[in-house]
Amino acid sequence: MTPLTTSLFDQCHDQGIFSHLDYYFAKTMAGIFEETSSMILFSAALVSKVLAEGHICLDLSAMAGTPLTDSGDAVDILLLPDLASWIAALSASDMVALETAHGAEPDDPRLAWVRRTPLILDRDNNLYLAKYYDFQHRLARNIHMRISSEKDCTNIDASFIDRGIKRFFGDDAAPETEGQQAAVRQALAKKFLVISGGPGTGKTHITNIICDLLTLWAKQRDQEKPRILALAPTGKAAGRLNDGATIHAVLKPKPVGVGFRHDAQNPLAADVVIVDEASMIDMALMTRLLEAIPEDARVILLGDKNQLSPVQAGAVFTDLCHADTMAGHRVLLTFNFRSRGQSGIENLANAVNENDLATLMRILETDTYDDVGFENLKGKAALIPTIEKYAAGGYTPLVASADLETALNRLDDFRILCAHNRGEGGTLQVNHLCEKVLRTTTGNDISGSLFRQIVMVTRNDYRLGLFNGDTGVVWAGDEKQSAGARQILAVFPDGSKGCRQLRYADLPDHEPAFALTIHKAQGSEYGTVLVVIPDRISPVVTRQLLYTGITRARKKVIIAGRPEVIREAMAMPLQRRSNLEAVLSRLCGRTEPHA
């Protein structure tokens, strides 16, 4: 074993094992706390590194004694210390606070000790940045309060719920609606509920039923209509909800500093909060959202536990779908009412979820279903003609649309989804190829003043009412500018209002969106989807990535990639480390009251 020395720490940074952020965070904190131990430097950098990978904490028990590097090409092969030595070093450092050393309620985030050091070691041998330890425990206490409060929503008569179920599902409801009925029943009887299901399982349908029944209950008791907030993390997902809004727009970010105007001290005015696409919400945002919701409000989280985890750290929705303590506050929907088990898309997605490689490859390689296609990219030379073929067929109808209304109706007919932004088969390359082929097929050469293209907003602009993920088209307006050319517009669908138009020059940060990463496509569905699998495996090419890409398609999915890479991806489940389940379990197992 090569000892962890300061010089090796510097080499790890020089060779890219630690990012600039990891390295300088560790060095800066060590300087402030006068820490000289190289083991603590490595620990601080590792916590920063795993956080960037989406993990809330560094699991010392799993990492102890394992190689930090798997090759001698960059630096000597480094083994991380054994668990006992590692914990001893952390326990002796002024940079680290120990959860077990702080009284009867060591996980109470309101105690001042949480904010005194940059790192915290919990009783389960997980090492955190103090900020994320704080988020995790605040979130756990908020959820525990909601699922155990004496103010639980049990005031709705069981007979009313029974009548409501019969009203919407009938006296002889089909067996496949049992999951939906259970979700409605639980939502009316409990204050906090998690509902997970894939596309077509009826999540939107049952939320409409829940809202209707809550409104009816209030009316029958001569009470005010419940204040219902329907939220989603992206503008696209919010647009599918009745009176939907983005989480950021409702919480209202502070103009200076971090955080939101609505929080525990200034809660939202709501009796019911429904959050769609909750699987996309990271731990920091979920904590702030739940703290801003009144304690006596109902909270319903909807999502798909099998989708990709959020870009930022913390897969809260997935954690809640697996936590034993949430069993009575969770409903899993499995029946797909859209395809009823008959479509290739559904069966392909099921094969991915069940890690059934044989079925997956049989569907791809045998043309079993009309709604599934497969392009075997045997070499790099096969990628470009494949992209050009599908881009021409998929996007030409939109780009050549005779009028704006037709173009907007075709906006989601086709999309190319990629694993990465950069590299072979990444969005940068594919968007360039799409523009090239579409300029050729539609007669828009490079000298043209306007090229109709799909664009996606990448930064929230509250003044314009545009949010990260909003997608529209570039179009020529009716008004002419002084030089006689028509004004160039960016046009976005706006639900029942039709569309929103603004000058292209006023558009906030944006990018071409003929091709998107699968991450950015979460919360959206398209008629036909071409999923481009990279020519080599990487940490982001996982089983969840395949599932998410496949389930973005409503009518047809085409997978373009090499079979061996697809097989490797199936063997790589995405796992995000947190300790939320354990913290919730301890809270629910306690008998003493909590403030």
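Guide: Glu365 has its place in helix α15, which covers residues 357–365. Helices (H or I, at least four residues) and strands (E, at least two) are DSSP runs, numbered from the N terminus. The model is predicted, so local features are considered only at pLDDT of at least 70 and side-chain atom pairs only at pLDDT 80 or more, whereas totals for chains, interfaces and linings use all residues. Residues are numbered from 1 along each chain as its sequence is written, and side-chain values use heavy atoms, with hydrogens and water left out.

Glu365 counts as partly exposed, because its relative accessibility is 45%; buried means under 20% relative accessible area, exposed over 50%, and partly exposed in between (1.4 Å probe, protein chains only). When neighbours within four places in sequence are set aside, Glu365 is in contact with Phe374, Pro563 and Arg567, a contact being heavy atoms within 4.5 Å. The C-alpha atoms of Glu365 and Glu375 lie 9.1 Å apart, although ten residues separate the two along the chain.

Thr207 belongs to helix α9 and counts as buried, given a relative accessibility of 8%. Beyond residues up to four places away in sequence, Thr207 touches Ile274 and Leu302.

Helix α9 (203–220) is also one of the elements against which the buried residues of α8 pack, together with α7 (158–169), β5 (192–197), β9 (298–303) and β10 (330–333). Those buried residues of α8 are Gln180, Gln181, Ala183, Val184, Gln186, Ala187 and Leu188. In general, an α-helix has 3.6 residues a turn, so residues three or four places apart point the same way. Helix α8 comprises twelve residues (178–189), and at 1.5 Å a residue it should span 16 Å; its end C-alpha atoms are 16 Å apart, which agrees. The expected span is 1.5 Å times one less than the number of residues.

Two loop residues provide an exposed comparison. Asp222, in the loop between α9 and β6 (228–232), is not a glycine, yet has a positive phi of about 55 degrees. Asp222 is exposed, with a relative accessible area of 73%. Asp243 is found in the loop between α10 (235–239) and β7 (244–246); its phi is likewise positive, near 55 degrees, in a residue other than glycine. At 77% relative accessibility, Asp243 counts as exposed.

Aromatic side chains come next. The structure holds eleven aromatic pairs. Rings of Phe, Tyr and Trp (its six-membered ring) pair if their centres lie within 6.5 Å; planes under 30 degrees apart count as stacked, over 60 as edge-to-face and the rest as tilted. Phe9 and Phe42 form an edge-to-face pair, with 5.3 Å from centre to centre and 70 degrees between the planes. Phe9 lies in helix α1 (residues 6–14) and Phe42 in helix α3 (residues 38–52), so this pair ties together parts that are 33 residues apart in sequence. Both partners are buried: Phe9 has 0% relative accessibility, and Phe42 has 1%.

Tyr395 and Phe414 also form an edge-to-face pair, because their ring centres are 4.9 Å apart and their planes stand at 70 degrees. With Tyr395 in helix α16 (residues 383–399) and Phe414 in strand β12 (residues 414–418), the pair ties together parts 19 residues apart in sequence. Tyr395 counts as buried at 1% relative accessibility, and Phe414 counts as buried at 6%. Elsewhere, ring pairs link Phe9, Phe18, Tyr23, Tyr24 and Phe42 into a cluster.

As to cysteines, a search of the whole structure finds zero disulfides, a disulfide being a pair of cysteine sulfur atoms within 2.5 Å. Cys211 is buried, with a relative accessible area of 16%, and Cys321 counts as buried at 5%.

Finally, the wider setting may be given. The protein chain has 22 helices and 20 strands, and buried residues make up 53% of its 595 residues. Among contacts between residues at least 6 apart in sequence, 70% join residues at least 24 apart.
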